[in-house]
Amino acid sequence: MSIINMTLSASLMIIMIELLRRLTIDKLPKKLFLALWTVTVLRLIIPFSLPFRYSVQSGIFRLITAATGRSFGTLDSGGSSDAFAMRGVSGPTAAAIGADSSASSGAAGTAGADSDIAAGAAGTLDAGAGEIINGGYIHYTLILFCIWLVGLMAAVLYFSVRYIRSVHKFRESVPADDALAKRLASEMHIRRKITVRESDYIRSPLAYKLFRPVILIPKNMSDMLSEEQMTYIYTHELVHIRRFDIVVKFLCTAAVCLHWFNPLVWI
């Protein structure tokens with residue numbers, strides 16, 4: 001599957017998830033949206049798709065119908081949700097959804113003919129210079145691949161430099177009282193060793209490191225807040241640690257780097 005088809009498919013999912021959030025706010029569990037965003041991120045970073053009779057898009061339409069009473073239906077008889085109709089919605093929203101559906105359907109229809117940008121450029125190189133340079137002109141796929149590659153490298157460099165700078169500053173932190181955090185971690189059945197440190201470089205608490213997590217708090221925060229307030233703060237960070245949200249953040253960053261050209265992916 002090409003990078004263009006991947007980003008078009010994921011863009012349609014992003015639009016529908018945002019639509020679902022706005023139509024069903026406070027009507028559906030928040031964990032559902034976590035699952036939907038996870039599927040979207042996987043769509044962005046996995047270069048192939050598995051055949052399923054029911055797609056995520058059709059499932060989202062069923063959720064909107066159940067929560068709002070609005071009716072959705074597919075246009076094709078095969079049950080595909082790439083082409084769909086939305087009944088009871090008109091105006092710009094319906095037009096936008098129809099346009100996104102058409103773009104997704106068109107991309108899906110040509111998926112068998114297109115390879116991904118990187119493989120296409122490499123394959124063209126292997127096939128011979130005649131296909132890349134025809135009559136003195138460079139083939140447009142090579143130009144697009146080079147632009148995408150430069151953007152990818154720039155995004156990776158940007159996030160890497162930010163991470164390295166942050167870790168360097170975090171190393172200057174000092175140990176803090178971690179008795180409360182360790183007790184809460186034990187109650188939450190977190191087996192990894194938890195450390196609490198204080199830093200002058202941050203304004204709000206955060207957690208980092210995967211195998212030996214560190215909860216970093218602003219300096220003197222524990223002295224200014226009550227034990228009950230610190231319990232809420234530590235519990236919040238421990239939930240991130242227990243759910244391995246640092247891995248999710250890494251996957252999201254990888255998706256942004258791969259699809260830096262798509263503004264919807266930055267959502």
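This short talk goes through the salt bridges and some of the aromatic contacts of one structure.

The model is predicted, so local features need pLDDT of at least 70 and side-chain atom pairs count only at pLDDT 80 or more, while totals for chains, interfaces and linings use all residues. Residues are numbered from 1 along each chain as its sequence is written, and side-chain values use heavy atoms, with hydrogens and water left out.

I start with salt bridges, meaning a side-chain nitrogen of Lys or Arg within 4 Å of a carboxyl oxygen of Asp or Glu. The structure has 6 of them. In one, Glu18 meets Arg21, with the closest N and O atoms 3.0 Å apart. Glu18 also bridges to Arg22, at 2.5 Å from N to O. Shared partners join Glu18, Arg21 and Arg22 into one network.

How exposed are these residues? Buried means under 20% relative accessible area, exposed over 50%, and partly exposed in between, with a 1.4 Å probe and protein chains only. Glu18 is buried at 14%, Arg21 is partly exposed at 39%, and Arg22 is exposed at 61%.

Another bridge links Arg243 and Asp245, at 2.9 Å from N to O. Arg243 is partly exposed at 43%, and Asp245 is buried at 16%.

Next, the aromatic rings. Rings of Phe, Tyr and Trp (its six-membered ring) pair if their centres lie within 6.5 Å; planes under 30 degrees apart are stacked, over 60 edge-to-face, and the rest tilted. That gives 5 aromatic pairs. Tyr158 and Phe159 are edge-to-face, because their ring centres are 5.1 Å apart and their planes stand at 70°. Together with Trp266, Tyr158 and Phe159 form one aromatic cluster.
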